[in-house]
Each structure stands twice: as C-alpha cells, then as structure tokens.
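Here's a quick briefing on a protein model, written for someone new to reading structures. Have a look at the picture, then work through the points below.

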Amino acid sequence: MLVAFWRKMLFPFALVFILGLLLASIKINALLLGQGWGLLAPVIIIMALVLLYWGFEQGRVSSREVAVIAMLGTIAAVGRVPFAALPNIQPATFMVIISGFVFGPRAGFMAGSTAALVSNFFLGQGPWTPWQMFAWGLAGTSAGVMGIIFPRAGKKVMTVFSFLWGYLFGCIMNLWTWTGFVHPLNWQSFVATYAASFWFDTFHATGNAAFYLLFGPSFVKILQRFRRKLEVTLLPVIEGDKNAAL
C-alpha cells in the first residue's frame with residue numbers, strides 16, 4: 001500500500017519540486033561557469049524531464065495506454081507542422097489539452113512532451129526543445145487536473161482554459177529567452193522580454209480558443225470512447241463459481 005501511494009504521488013511531487021527549484025534558482029548569480037541562471041535553468045528542466053519520464057516508465061501503464069499516448073503525441077506533433085508558417089497559431093496545444101482532460105494528468109504530460117520532441121524533428125531541434133516539452137507537458141497536466149476537479153467542464157470553460165494556456169505557454173518560453181539571451185537579468189529586461197512577445201502569445205491564445213470552439217467537443221467525445229475501451233473492470237469472484245472452477 002505504501003509503495004503504491006508513493007508511486008501515485010511521484011508525479012505531483014515532481015512537478016512541485018521542479019517549479020520550486022526554478023523559482024528558487026532565480027536568486028542565484030554566476031553559479032555555473034559564470035552563466036548563473038541561464039545555464040542552471042535548462043539543467044533543471046532536462047533533469048525534470050528525465051525524472052518525469054522515469055516516473056511514467058515505473059508506473060503501471062498498459063501497452064494500450066502507451067499506444068494511445070504515443071498516438072496523441074504524434075497527432076499533436078503532425079498538426080503543428082502544417083501551421084509552422086503562421087505566427088504561433090497551431091493546434092498542438094489544443095490537442096494536448098484535450099488529451100490531458102480525457103486521459104488524465106500523466107497522459108497529458110507525456111502527450112505534450114512527446115508532441116514537442118517529435119514535431120521538432122521536422123521544425124528543428126535546439127535548446128528550446130526541453131522548454132517546449134516541459135511547457136506542453138504542463139498544459140496537458142493542468143488539463144488532466146481540470147478533468148479530475150471539473151469532469152463536466154463545458155465548451156465555454158474549456159475554451160477559456162485553452163485561451164489562457166496560450167499566454168501561459170508564452171510565459172514559460174519567454175523565461176527561456178530571458179535567461180538564455182538577455183543580459184542583465186533584472187526586472188526591466190524581464191518585463192521587456194514579455195512585452196515583446198505579447199502579440200505572438202495573443203495569436204497563440206486566440207488560435208487555441210478557435211480550435212476548441214470548432215473541434216473541441218467532438219474531439220473530446222472521440223477520445224472518451226477510446227478511454228472507455230481501455231478501461232478494465234475487475235469483477236469479484238463468486239464462491240460458487242470459484243468452487244466450480246476448481
């Protein structure tokens with residue numbers, strides 16, 4: 001029982017630990033090779049992804065669930081590629097949010113991080129990839145929590161949720177830009193970095209809302225059917241049937 005409890009708590013504890021490290025390390029200056037937070041933050045992100053993938057691999061995941069998660073991540077990645085020419089308008093975030101809402105936080109994180117990794121094989125890998133994996137993974141995780149707390153969240157609620165994640169995703173990626181390419185790291189440069197991406201984040205948020213308004217409810221119904229097919233119900237053994245089997 002204790003082992004099962006800690007396995008369930010590994011994922012939320014890992015996320016809290018990662019966010020705490022990122023926030024605490026802002027105060028650190030010139031810690032690693034004189035680079036300070038710009039080098040420390042990606043190290044934290046990469047270690048976090050390794051930890052989360054390890055936690056997923058150690059969990060009780062059926063082969064069917066792995067196949068579905070891989071399929072969802074691939075669909076989100078493929079959907080991102082044709083929209084690459086548009087300024088931050090792509091259905092990847094929308095697909096990741098729906099995946100997490102239907103299949104839960106763990107599946108949402110894996111689908112989001114997989115989508116970023118796979119799509120960047122076509123669009124280009126780089127130091128931004130771990131941050132995109134983490135950002136889309138958080139989008140899927142938060143949608144999974146949303147599905148647990150508000151399982152009957154309607155079209156309007158999820159549209160607003162998708163809209164907000166356009167800005168949240170931008171905030172996380174701006175953090176990478178700020179720490180990696182801006183000097184000095186202070187509040188003035190922080191505000192300037194976020195202000196420069198405001199319109200791109202707005203396009204992202206608007207695109208997310210539009211995709212959910214147009215396709216969200218139908219996609220949710222389709223994925224819910226897949227989820228019901230994956231569910232396994234263990235029936236109690238009746239004493240008479242047990243004796244007959246013996």
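Before we talk about how helices pack, here's how their directions are compared: axes are lines fitted to C-alpha atoms, for helices over the stretch in contact, and angles run from 0 to 180 degrees between N-to-C directions. Keep in mind that this is a predicted model, where local features need pLDDT of at least 70, side-chain atom pairs count only at pLDDT 80 or more, and totals for chains, interfaces and linings use all residues. Residues are numbered from 1 along each chain as its sequence is written, and side-chain values use heavy atoms, with hydrogens and water left out.

**The overall picture**

- The protein has 10 helices and 0 strands; both kinds of element are DSSP runs numbered from the N terminus, with at least four residues (H or I) for a helix and at least two (E) for a strand.
- Of its 246 residues, 42% count as buried (buried means under 20% relative accessible area, exposed over 50%, partly exposed in between, using a 1.4 Å probe and protein chains only).
- Take the contacts between residues at least 6 apart in sequence: 73% of them join residues at least 24 apart (a contact means heavy atoms within 4.5 Å).

**How confident is the prediction?**

- The average pLDDT of the protein is 76, and 70% of the residues score at least 70 (pLDDT is the predictor's confidence in each residue, from 0 to 100).
- Confidence is highest in helix 4 (residues 92-103), with a mean of 89, and lowest in helix 10 (residues 239-245), with a mean of 52.
- Residues 29-35 stay under 50 in pLDDT, and the model has 7 contacts for them beyond four places in sequence.

**Helix 4 and its partners**

- Helix 4 and helix 5 (residues 105-123) have axes that come within 7 Å and cross at roughly 160 degrees.
- That makes helix 4 and helix 5 roughly antiparallel to each other (angles under 35 degrees count as roughly parallel, over 145 as roughly antiparallel, 65 to 115 as roughly perpendicular and the rest as oblique).
- Helix 4 passes helix 5 in a right-handed crossing (right-handed if the near helix is turned clockwise from the far one by less than a right angle, left-handed if anticlockwise).
- Where they meet, helix 4 brings Val96, Ser99, Gly100 and Phe103, while helix 5 brings residues including Pro105, Gly108 and Ala115.
- With helix 6 (residues 128-149), the axis of helix 4 comes within 7 Å and crosses at roughly 40 degrees, so helix 4 and helix 6 are oblique to each other.
- Among the residues making that contact are Val96 and Gly100 of helix 4, plus Trp136, Gly140 and Gly144 of helix 6.
- Helix 4 and helix 7 (residues 155-181) pack at about 125 degrees with their axes 10 Å apart, so helix 4 and helix 7 are oblique to each other.
- Here Thr93, Ile97 and Phe101 of helix 4 touch Met158, Phe161, Ser162 and Trp165 of helix 7.

**Aromatic rings**

- How is a pair of aromatic rings described? By the distance of the centres and the angle of the planes.
- The whole structure has 12 aromatic pairs (rings of Phe, Tyr and Trp, the last by its six-membered ring, pair if their centres lie within 6.5 Å; planes under 30 degrees apart count as stacked, over 60 as edge-to-face and the rest as tilted).
- Phenylalanine 94 and tyrosine 212 have ring centres 6.2 Å apart and planes at 80 degrees, so this pair is edge-to-face.
- Since phenylalanine 94 is in helix 4 and tyrosine 212 is in helix 9 (residues 198-230), the pair ties together parts 118 residues apart in sequence.
- Phenylalanine 94 is buried at 2% relative accessibility, and tyrosine 212 is buried too, at 3%.
- Phenylalanine 190 and tyrosine 194 make a tilted pair, with 4.5 Å centre to centre and 40 degrees between the planes.
- Both of these residues sit in helix 8 (residues 187-196), 4 residues apart, or about one turn of the helix.
- Ring pairs also link Phe94, Phe211, Tyr212, Phe215 and Phe219 into a cluster.

- Asparagine 174, in helix 7, is buried with a relative accessible area of 8%.
- Beyond its neighbours within four places in sequence, asparagine 174 contacts Thr193, Tyr194, Ser197 and Asp201.
- Is phenylalanine 121 buried or exposed? Phenylalanine 121, in helix 5, is exposed, with a relative accessible area of 62%.
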